Amino acid sequence: MVLLQLGFVNGFSQCPLVSPLVQIQGKRASRHLSLIAQSIPSRTQRIMEGISVSGEVGGAGGAYSYNALKRLDQLWSGICSAQTVVQEPRQVVSSIPGMFSHSDVEDKAVDTFDVLVCGGTLGIFIATALSSKGLRVGIVERNILKGREQEWNISRKELFELVEAGVLVEDDIEEATAVKFNPNRCGFEEKGEIWVEDILNLGVSPAKLIEIVKRRFISLGGVMFEGCSVSSICVYDNAAVLQLAEGNILPSRLIIDAMGNFSPVVKQIRSGRKPDGVCLVVGSCARGFKDNSTSDVIYSSSSVKKVGNSEAQYFWEAFPSGSGPMDRTTYMFTYVDPQPESPKLEELLEEYWDLMPHYQGVSLENLEILRVIYGIFPTYRDSPLPAAFNRILQFGDASGIQSPVSFGGFGSLTRHLQRLVTGIDEAISGNFLDSYNLSLLNPYMPNLSASWLFQRAMSAKQLSNVSPDFINELLHVNFQSMQKLGDPVLRPFLQDVVQFVPLAKTLGLVMLTKPQLLPSIFKQVGVPVLLDWSGHFFMLGYYTFLATFADPVIRPLLNSLPSKMNYEWKRRLEAWKYGAGLDYKL
């Protein structure tokens, strides 16, 4: 028998109140149902636990297991639930006045280096390039240094920059390339398609590529510390001293932090600050695609969708895989602000299993899932990250040099590697290793800052009165305009390079073609973001002017300058050139 009591508040009858006995029984039943729900594995869990997974490797996308997914989702939840600071970071770096040779740990040093690179997955590339310059270089990697199974997609032109930096020889490119394909598609919800050639059209095996570079690094005299973790870094007047968790003391003239987006040194520099934006990526490599000769560079098959308590605009990338003629890698990604209601990676994967078959024109039952891919790529508006300490420099994803609309920093690494290697070599030769001079190697770049508008425009705004179709419409009009303006406008943009003249032409043509989009743009990105972007757009034009007209006047005078001034002016000229995107050649 159910016993009900009617509650009265201020003389008004309220909802029936259940008796304490029934409340207790109800709570027990609720807990029981909750436990049953928790014990039923999700589709993602069932798929992932049915796949044989090899050991995890370092770097983004190096883990494929369901347990690793849950760990990453837990980390993501912590970022989302925080107000401004995620958590007070551990103080990894400390500055100690005086000389290392006068310290009480000097006699415990096991070796001495010109450069120590922390984080080997991307760090191996700069370590090898610096070794080829004759520097003594060591790498500290918490795992065994090897590349992941999942391929990196890149163009041959970008990969060839590793040859120019002395990391590879031309034959190595062929050895590391697992698959080639053309053409490459861009499209937005059946509004029309654009096809291009030779954009992200190589699938490079990270396992083979890193093995090749690792062999070259060791042959050049490089030293590996595998299975070792960074415990602390003490910066003295004449050295940066790395203490490993295993107890070894390693002094070096310079330490390069290549520990990625979640580097403990970067956390300390940013004081645990919450990211300004995040790209969430899920996907899979699967066997069973019969039509598998082309790729998608960016594609959207739907407008803004509801996921959990949030909204998201999904984009796709898809590439043939080198593991077999019917193997294909598909990524689904979205840009979000890290908020408590933001979707979790497992939620996105549940959406992915529903949406991917329709997008690729296949049935999930006819596919053999080889591995499941997922990742979190945080971005900060104040990037690249200037050096905060003497003798420590951020590199790769840790530096924030990658575009805020890309996920993974391999492309930006190849683009900036030669510039950084030359600058670091000169900084070590001249002993310009204070934070000011090292910051010149990671300078303000207006083309990178201007890209923030694109991420904001591609993010679904919560509780917005903008049409769910707006993002696709805006991107379609932009890509259509770039196609009309030709390769000098379209190709740099597709490779995350923003230039002043192409951008100005595109925006002008968009405004002439679709002026009715303007009110929605203001609603979507907000006036403060547009005003901030306008400043970066002006600086992009200014840097373009300086790189085009001032550089040819100043460069012939450099050799007559004192060494420190020569170093500083070289870095300024590089900042103008790279910050304007003028390093890019068709």
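Strands E7 and E10 (residues 202-204) pair in the antiparallel sense over three bridges. Two strands count as paired if DSSP finds at least two bridges between them. Helices (H or I, at least four residues) and strands (E, at least two) are DSSP runs, numbered from the N terminus. This is a predicted model: local features need pLDDT of at least 70, side-chain atom pairs count only at pLDDT 80 or more, and totals for chains, interfaces and linings use all residues. Residues are numbered from 1 along each chain as its sequence is written, and side-chain values use heavy atoms, with hydrogens and water left out.

**The three-stranded sheet**

- Val179 stands opposite Gly203 in E10.
- E7 and E10 belong to an open sheet of three strands, in the order E6-E10-E7, with antiparallel pairing.
- E6 and E7 (177-180) are the edge strands, and each pairs on one side only.
- Neighbouring strands of this sheet are turned by 30° against each other on average, direction ignored. Axes are lines fitted to C-alpha atoms, for helices over the stretch in contact, and angles run from 0 to 180 degrees between N-to-C directions.

**The seven-stranded sheet**

- Seven strands form an open sheet with mixed pairing, in the order E9-E8-E16-E19-E20-E15-E21.
- E9 (193-196) and E21 stand at the edges with a single partner strand each, so one side of each has no neighbour in the sheet.
- Neighbouring strands here are turned by 15° against each other on average, direction ignored.
- Helix H9 packs on this sheet and touches E8 (184-188), E15 (277-287), E16 (295-300), E19, E20 and E21. Contact means heavy atoms within 4.5 Å.
- The direction of H9 makes about 50° with that of E15.

**Strand partners in that sheet**

- E15 and E21 pair in the antiparallel sense over 11 bridges. Val282 stands opposite Tyr374 in E21.
- E15 and E20 also run antiparallel, joined by 10 bridges. The bridge partner of Val281 in E20 is Phe333.
- E19 (residues 315-320) and E20 (residues 327-336) form an antiparallel pair over six bridges. Here Phe315 stands opposite Phe333 in E20.
- In a regular strand the side chains alternate between the two faces of the sheet.
- E15 is mostly covered, with 10 of its 11 residues buried. Buried means under 20% relative accessible area, exposed over 50%, and partly exposed in between (1.4 Å probe, protein chains only).

**Salt bridges**

- The count comes to 27 salt bridges. A salt bridge is a side-chain nitrogen of Lys or Arg within 4 Å of a carboxyl oxygen of Asp or Glu.
- Arg43 forms a salt bridge with Glu350, and their closest N and O atoms are 3.9 Å apart. This pair links distant parts of the chain: Arg43 is in helix H2 (residues 43-49) and Glu350 in helix H9 (residues 345-360), 307 residues apart.
- Arg43 is partly exposed at 24% relative accessible area. Glu350 is partly exposed too, at 23%.
- Arg371 and Glu149 meet through their side chains in a salt bridge (3.4 Å, N to O). Arg371 lies in E21 (residues 368-379) and Glu149 in the loop between E5 (137-141) and E6 (152-154), so the pair ties together parts that are 222 residues apart in sequence.
- Arg371 is buried at 8% relative accessibility, whereas Glu149 is partly exposed at 41%.
- Arg415 and Asp583 form a salt bridge at 2.7 Å, N to O. Arg415 sits in helix H10 (residues 410-430) and Asp583 in the segment after helix H19 (563-579), 168 residues apart. Arg415 and Asp583 are both buried.
- Salt bridges that share partners join Arg156, Glu170, Glu174 and Lys180 into one network.

**The whole protein**

- The protein has 19 helices and 22 strands.
- Buried residues make up 56% of its 586 residues.
- The C-alpha atoms fill a box of roughly 95 × 65 × 55 Å, taken along the principal axes.
- Among contacts between residues at least 6 apart in sequence, 76% join residues at least 24 apart.
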